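Hi,

Here is the structure I promised to pass on. Have a look at it first, and my notes follow below.

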Amino acid sequence: MSTTDAGLLSPPPPGFPMPRPSERSEPFWSGAREGRLVLPYCSACGARALRAFAVCPQCTATALAWEESAGRGTLYSWTVVWRPPHPGFVVPYAPAVVALDEGWWFLSAVVGCTPDALREGLALRVEFHPASDDLVLPYFRPVA
């Protein structure tokens, strides 16, 4: 376990447990590699989804589509982790629920500030950090 300088929230270095992209979620991962936040929705009913789906949880259609977000939102909920679940994580880190301006709820982590700067409604913007040679992850930084 290691800690960041001055307690600043930052992305973890390589070596932490990685997500496993699927064929269905590839548009999200391709977008992230290009510095774009691309999110799933149902083109039949318009329901926004937290993840790529085979069947829409709202209307049961199989009409998965993707839309680019501007990557701006506000902090809805968070926690600060000081005891990592895996030695590859650097503490502190702040997993968070971000309310994106377009209406999605997005699970990520906040970077670029100290834990005591986090507050409900904090304006955030997305930024992307490489996690490996193939994987880029979105994080959210407070808007200056």
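Arg-141 comes out as partly exposed, because its relative accessibility is 26% (buried means under 20% relative accessible area, exposed over 50%, and partly exposed in between, with a 1.4 Å probe and protein chains only). The Arg-141 side chain meets that of Glu-127 in a salt bridge, 2.6 Å from N to O. This pair links distant parts of the chain, with Glu-127 in strand S8 (residues 123-130) and Arg-141 in strand S9, 14 residues apart. Glu-127 counts as buried, at 13% relative accessibility. A salt bridge here is a side-chain nitrogen of Lys or Arg within 4 Å of a carboxyl oxygen of Asp or Glu. Helices (H or I, at least four residues) and strands (E, at least two) are DSSP runs, numbered from the N terminus.

Before you read on: this is a predicted model, where local features need pLDDT of at least 70 and side-chain atom pairs count only at pLDDT 80 or more, while totals for chains, interfaces and linings use all residues. Residues are numbered from 1 along each chain as its sequence is written, and side-chain values use heavy atoms, with hydrogens and water left out.

Back to the charges. The structure holds 5 salt bridges. In one of them, Arg-33 pairs with Glu-26, and their closest N and O atoms are 2.6 Å apart. Both partners are partly exposed: Arg-33 has a relative accessible area of 42%, and Glu-26 has 30% relative accessibility. Arg-36 and Glu-34 form a salt bridge too, with the closest N and O atoms 2.8 Å apart. Here Arg-36 is partly exposed at 30% relative accessibility, whereas Glu-34 is exposed at 53%. Those two also belong to a network of salt bridges that links Glu-34, Arg-36 and Glu-68.

Now the pocket. The largest pocket has a volume of about 740 Å³. If you want to know how that was worked out: on a 1 Å grid over the protein atoms alone, a pocket is an open set of points where a 1.4 Å probe fits, with protein on both sides within 12 Å along at least five of seven lines, and lining residues have an atom within 4 Å of a point. Grid points are joined across faces, edges and corners, and the volume is the space filled by probe spheres set on the points.

What lines the largest pocket? There are 33 lining residues, and Pro-19, Trp-29, Leu-107, Ser-108 and Leu-137 lie nearest its centre. The lining divides into 27 nonpolar, 4 polar and 2 charged residues (Ala, Val, Leu, Ile, Met, Phe, Trp, Tyr, Cys and Pro count as nonpolar, Asp, Glu, Lys and Arg as charged, and the others, Gly among them, as polar). Helix H1 (26-33) and strands S2 (37-42), S6 (94-100), S7 (105-110) and S9 (136-142) each supply at least two lining residues. S7 gives the largest share, with 6 residues.

S2 is largely enclosed by the rest of the structure, because 5 of its 6 residues are buried. S2 pairs with strand S3 (residues 64-69) in the antiparallel sense over 6 bridges, and Pro-40 has Trp-66 in S3 as its bridge partner. Two strands pair if DSSP finds at least two bridges between them.

S6 is mostly covered as well, with 5 of its 7 residues buried. S6 has an antiparallel pairing with strand S4 (residues 72-78) over 5 bridges, where Gly-73 stands opposite Leu-100 in S6. S6 also runs antiparallel to S7, joined by 6 bridges, and Ala-94 has Val-110 in S7 as its bridge partner. The hairpin of S6 and S7 has 4 residues between the strands, and in it Gly-103 takes a positive phi near 110°.

The Ser-69 side chain reaches the backbone nitrogen of Gly-71 at 2.9 Å. A polar contact, also of 2.9 Å, joins the side chains of Ser-69 and Glu-102. A polar contact is a pair of N or O atoms within 3.5 Å; within protein, one must be able to donate a hydrogen and the other to accept it, and residues adjacent in sequence count only if both atoms are side-chain atoms.

Cheers
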